[in-house]
Amino acid sequence: MPTLDNPRWERFAQAIVEGLANGDCKPYSQGRAYIAAGYTAKDQGKRGGSAECAASRLLNRVKPIIERVRELQAEANKRLEPKLDLSRERVGRMACTRFG
């Protein structure tokens with residue numbers, strides 16, 4: 001699936017995935033992703049504020065957004081997969097090259 005035609009939807013999807021993968025102490029919540037996408041809302045930054053509610057509605061009602069989030073997650077997982085290869089064969093090869 002290519003990028004979404006609506007730039008705010010695309011940025012919102014990217015911010016959601018960034019928040020899921022982010023190791024920072026302040027990862028993107030749905031509301032923060034909503035604000036980062038360029039939307040405005042009352043009670044910005046407050047838990048349960050209008051940004052949180054509007055973001056939840058976007059994720060539940062706009063099917064292309066959730067499909068794009070899933071696609072971006074799959075791409076991120078593919079990039080990580082080679083780094084997480086701990087198969088017996090790989091560990092054996094590493095041991096042979098280091099100690100053999």
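Predicted model: local features only at pLDDT ≥ 70, side-chain atom pairs only at ≥ 80, totals over all residues.
Colleague: What percentage of the contacts between residues at least 6 apart in sequence join residues at least 24 apart?
Modeller: The protein has 100 residues, of which 26% count as buried. For the contacts, the count takes in pairs of residues at least 6 apart in sequence, and the share of these that join residues at least 24 apart is 49%.

Colleague: How are α1 and α4 oriented to each other?
Modeller: Two packed helices are described by the angle between their axes and the distance between the axes. For helix α1, residues 7-21, and helix α4, residues 63-80, the axes come within 9 Å and cross at roughly 45 degrees, and α1 passes α4 in a right-handed crossing. Angles under 35 degrees count as roughly parallel and those from 65 to 115 as roughly perpendicular, so α1 and α4 are to be called oblique.

Colleague: Into which classes do the residues of the contact of α1 with α4 divide?
Modeller: On the α1 side, the contact is made by Trp 9, Glu 10, Phe 12, Ala 13, Gln 14, Ile 16, Val 17 and Leu 20, while α4 brings Ile 65, Arg 68, Val 69, Leu 72 and Gln 73. Sorted by class, these residues are nine nonpolar, two polar and two charged.

Colleague: Is Glu 10 buried or exposed, and with which side chain does the side chain of Glu 10 make a polar contact?
Modeller: Glu 10 lies in helix α1 and has a relative accessible area of 8%, which is why it counts as buried. Not counting residues up to four places away in sequence, Glu 10 touches Thr 3, Leu 4 and Arg 68. The polar contact, at 2.9 Å, joins the side chain of Glu 10 to that of Arg 68.

Colleague: How is α1 oriented to α3?
Modeller: The axes of α1 and α3 come within 12 Å and cross at roughly 100 degrees. An angle from 65 to 115 degrees counts as roughly perpendicular, so the orientation of α1 to α3 is roughly perpendicular.

Colleague: Which residues make the contact of α1 with α3, and how many of them are nonpolar?
Modeller: Helix α1 contributes Trp 9, Phe 12 and Ile 16, and helix α3 contributes Ala 55, Leu 58 and Leu 59. By class, this contact has no polar and no charged residues, and the number of nonpolar residues is six.

Colleague: Which residues does Leu 58 touch, not counting residues up to four places away in sequence?
Modeller: Leu 58 has its place in helix α3 and is buried, because its relative accessible area is 12%, under the 20% cut-off. In space, C-alpha to C-alpha, Leu 58 and Gln 30 are 9.7 Å apart, although 28 residues apart in sequence. Leaving out residues up to four places away, the residues that Leu 58 touches are Trp 9, Phe 12, Tyr 34, Tyr 39 and Ile 65.

Colleague: What is the relative accessibility of Ala 15?
Modeller: Ala 15 lies in helix α1, and its C-alpha atom is separated by 9.7 Å from that of Ile 35, which is 20 residues apart along the chain. Ala 15 counts as buried because its relative accessibility is 0%.

Colleague: Which residue has the backbone nitrogen that the side chain of Glu 52 reaches?
Modeller: Glu 52 lies in helix α3, residues 50-61, and counts as partly exposed because its relative accessibility is 25%. Its C-alpha atom is separated by 5.9 Å from that of Gln 30, 22 residues apart along the chain. At 3.3 Å, the side chain of Glu 52 reaches the backbone nitrogen of Gly 31.

Key. Residues numbered from 1 in each chain as written. Heavy atoms only, no water. Axes fitted to C-alpha atoms, helices over the stretch in contact; angles between N-to-C directions. Helix = DSSP H or I, 4+ residues; strand = E, 2+ residues; numbered from the N terminus. Parallel < 35°, antiparallel > 145°, perpendicular 65-115°, else oblique. Left-handed = near helix turned anticlockwise from the far one by under 90°. Contact = heavy atoms within 4.5 Å. Nonpolar A, V, L, I, M, F, W, Y, C, P; charged D, E, K, R; others polar. Buried < 20%, exposed > 50% of the residue type's maximum accessible area, 1.4 Å probe, protein only. Polar contact = N/O pair within 3.5 Å; in protein donor to acceptor, adjacent residues only side chain to side chain.
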